Amino acid sequence: MRLPEGMERIWLMRAKGMREVEISGILGISRQAVNKALRDARGKLFEAFFELAETFSWKIVRINAEKGFAVFEGECNGPVRVYAFYLPGEGIRAFFNGEFPEYILEHAVRIGIIREKDKTELVKSLEG
Amino acid sequence: MGHLIANRVEDATITLVGILALLSILLDWEHGELLIGLLFWLSLLVTYGSRVEIEKGKVVLRWGWPLKFLRVELNPEDIVEIVNLDAAKEVSLLKYWKTSLFFSLLWATVGLVGLIKRPSEAFIWLNWIYWGIAPLVSIAFPPSKKLEASAFALLLSIAVALWARTLGLESYPLFLLFALVFVVSLYVEPFKESRMAIVTDRGTYIVSSPFEREIEDLIEGLKEVYTGGLGATS
């Protein structure tokens with residue numbers, strides 16, 4: 001699943017912490033249009049994360065559509081934690097037990113989930 | 001499908017009851033306790049969180065007993081985040097219900113001021129202090145910190161019981177009994193509460209149930225709403 005380009009752009013600006021009024025100013029569109037795009041993006045992200053959980057029979061722990069991440073609990077020779085992220089331009093990527101590659105840490109810093117590229121810090125942020 | 005335990009109406013009434021109680025002590029209102037007592041019990045009925053349902057693709061929240069006085073409908077697009085607070089073992093309810101700290105402070109202040117102004121009613125004021133702080137046992141500690149939460153409940157109860165004994169109250173063991181209730185509520189179903197936070201543009205709603213299954217059913221219902229299209233009926 002990928003968000004449509006325009007919607008994704010607006011969602012990413014919001015995920016980085018910009019206010020709706022700032023986004024509308026930069027893009028030269030109405031605030032209502034920004035709000036609608038954000039609401040639609042949230043709906044699509046929830047849908048995608050729910051479908052992911054459904055496909056792999058993962059238990060939902062947390063879904064955050066604003067920052068585009070989800071935490072699941074799976075079963076693979078014992079309980080495993082699964083962390084999924086929506087990456088702009090790519091779609092959803094999921095990782096087991098906090099084994100994040102560099103580009104996920106960079107993404108997490110870019111959208112403000114964490115301040116510095118640190119796996120432990122990222123797990124802590126995602127978990128609560 | 002679970003009950004609501006925190007919402008803005010409830011927050012407002014808890015604050016109102018606390019502030020009125022404080023004013024009644026400070027200004028020596030005649031029949032103040034009666035008015036506050038009535039308000040407290042009435043507010044419990046009005047803000048009693050009823051069942052959470054999914055109707056015509058919307059999450060419908062209702063409050064009130066026996067009549068449903070208040071109703072809020074959440075569109076799927078209103079929801080920013082959902083958290084299964086049982087499965088998210090490191091998250092405390094406090095993160096989503098920060099005002100509960102203010103309530104604790106307010107109710108404890110009422111108790112302290114009451115003890116100073118009207119020491120003859122010490123049992124009532126100690127209860128304000130105890131019940132102001134004690135709910136933090138289940139609010140401030142995440143599911144992974146049950147031992148710490150139990151220790152907090154025990155220490156608080158012992159402290160208030162000793163205080164009550166110092167003030168000459170014979171009913172001081174009651175507070176130790178309360179500690180037992182709190183500890184049991186952390187470990188034993190159906191006394192244990194399962195919770196879920198629904199964060200929206202309009203605020204955060206906490207859904208609670210003694211049965212974990214009910215919270216999972218609600219998440220399942222939400223899943224059907226989203227994956228069946230935003231206008232789906234569950």
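**Close-up views of chains A and B**

**View 1. Where chain B touches chain A.** In this predicted model, 19 residues of chain B are in contact with 21 residues of chain A. Two residues are in contact if their C-beta atoms, placed from the backbone, lie within 7 Å. On the side of chain B that touches chain A, the elements giving two or more residues are β5 (79–84) and α8 (212–227) of chain B. β5(B) gives the most, with six residues. By type, this side of chain B has twelve nonpolar, two polar and five charged residues. Here Ala, Val, Leu, Ile, Met, Phe, Trp, Tyr, Cys and Pro count as nonpolar, Asp, Glu, Lys and Arg as charged, and the others, Gly among them, as polar. Helices (H or I, at least four residues) and strands (E, at least two) are DSSP runs, numbered from the N terminus.

Residues are numbered from 1 along each chain as its sequence is written, while chains are lettered from A and ligands numbered from 1 in the order in which they are written. Local features need pLDDT of at least 70 and side-chain atom pairs count only at pLDDT 80 or more, but totals for chains, interfaces and linings use all residues.

**View 2. A strand pair across the two chains.** Strand β1 (residues 59–64) of chain A is joined to β5(B) by three bridges. The two strands run antiparallel. Strands pair if DSSP finds at least two bridges between them. Which residue of β5(B) is the bridge partner of Arg62(A)? The partner is Val83(B).

**View 3. The hairpin of chain A.** Strands β3 (residues 79–87) and β4 (residues 91–96) of chain A run antiparallel, joined by six bridges. Ala84(A) has Ala94(A) as its bridge partner in β4(A). Three residues lie between the two strands of this hairpin. In the turn, Gly89(A) has a positive phi of about 85 degrees.

View 4. Within α1 (residues 5–15), Ile10(A), Trp11(A), Arg14(A) and Ala15(A) are buried. Seen down the helix axis, the buried residues of α1(A) fall within an arc of 140 degrees, so they line one face. That arc is taken from the directions from the helix axis to the C-beta atoms. An α-helix has 3.6 residues a turn, so residues three or four places apart point the same way. The buried residues of α1(A) pack against α2 (20–27) and α3 (31–56) of chain A. Glu5(A) and Gly6(A), on the other side, are exposed. A residue is buried if 20 or more other C-beta atoms lie within 10 Å of its own, exposed if 12 or fewer, and partly exposed in between, with C-beta atoms placed from the backbone. After α1(A) comes Gly17(A), with a positive phi near 105 degrees.

**View 5. Leu101(B) in its helix.** Leu101(B) sits in helix α3 (residues 99–117) of chain B. Is Leu101(B) buried or partly exposed? Leu101(B) counts as partly exposed, because it has 13 C-beta neighbours inside 10 Å. Phe141(B) is 40 residues from Leu101(B) in sequence. In space, their C-alpha atoms are 13 Å apart.

**View 6. The setting in each chain.** Chain A has five helices and four strands, in the order α-α-α-β-β-β-β-α-α from the N terminus. Of its 128 residues, 36% are buried. Chain B has eight helices and seven strands. Of the 234 residues of chain B, 37% count as buried.
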